[in-house]
Amino acid sequence: MGFRKQEKVYVLKFDGELEGLEVRMRGASAGDLIKIDGMKYDAEALNDLFLFAGSKLISWNFEEEDGTPITFEPQKIDIEEDGISTTRPETDGEAKARVLFAQDLDFILDILTAWKRAIMGVSDPLERNSH
């Protein structure tokens, strides 16, 4: 019987402006991290980044101002193949990417930065003492 590695799940907790936010994300390969680091932030790259992040996002406790949880329920999307229009359900990753796209870019980049630091084992920078 061979070894089976368990999937790593990162639980990201925030303080400061995002205090109370908790996000659970899957790990990523070294190649994925290198690809993310080399991305330029144009429309196509952001689309790829959010689809990738959506594939790694497991859950979060993010809510609307009225307390309604922001969920990742798949919706039906219209597609056209060979001149034939049809609908299909979003994949889990597509649904999550759609929800990510609806949020402030700074908010999502804060989450992705915390996730990348967790994967790489980098702790948050210490505050500097002013002299």
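**A residue in a loop, and the strands and helices**

Modeller: In this predicted model, E90 is located in the loop that lies between strand β5 (84-89) and helix α3 (92-101). Is E90 buried or exposed? The relative accessible area of E90 is 9%. Because a residue is counted as buried when that value is under 20%, E90 is buried. Its side chain is joined to the side chain of R98 by a polar contact of 2.9 Å. If residues up to four places away in sequence are left aside, E90 touches E73, P74, Q75, I77, A95 and R98.

Strand β4 comprises residues 76-81, and of its 6 residues the number buried is 0, so the strand lies largely in the open. Strands of a sheet pair through backbone hydrogen bonds, in either a parallel or an antiparallel manner.

A further sheet is open and is formed by 3 strands in the order β1-β2-β3, with antiparallel pairing. Strands β1 (9-13) and β3 (57-60) stand at the edges; each has a single partner strand, so one side of each is without a neighbour in the sheet. On average, neighbouring strands of this sheet are turned by 15° against each other, direction ignored. Strand β2 (residues 22-26) is joined to β3 by 3 bridges, and the two run antiparallel. Within β3, W60 stands opposite V23.

Turning to the helices, two packed helices are described by the angle and the distance between their axes. The axes of α1 (residues 30-37) and α4 (residues 105-120) come within 12 Å and cross at roughly 140°. That angle makes α1 oblique to α4. The crossing in which α1 passes α4 is left-handed. On the side of α1, L33, I36 and D37 take part in the contact, and they meet W115, K116, I119 and M120 in α4.

Methods. Residues are numbered from 1 along each chain as its sequence is written. This is a predicted model: local features need pLDDT of at least 70, side-chain atom pairs count only at pLDDT 80 or more; totals for chains, interfaces and linings use all residues. Side-chain values use heavy atoms; hydrogens and water are left out. Helices (H or I, at least four residues) and strands (E, at least two) are DSSP runs, numbered from the N terminus. Buried means under 20% relative accessible area, exposed over 50%, partly exposed in between (1.4 Å probe, protein chains only). A polar contact is a pair of N or O atoms within 3.5 Å; within protein, one must be able to donate a hydrogen and the other to accept it, and residues adjacent in sequence count only if both atoms are side-chain atoms. Contact means heavy atoms within 4.5 Å. Two strands pair if DSSP finds at least two bridges between them. Axes are lines fitted to C-alpha atoms, for helices over the stretch in contact, and angles run from 0 to 180 degrees between N-to-C directions. Angles under 35 degrees count as roughly parallel, over 145 as roughly antiparallel, 65 to 115 as roughly perpendicular and the rest as oblique. A crossing is left-handed if the near helix is turned anticlockwise from the far one by less than a right angle, and right-handed if clockwise.
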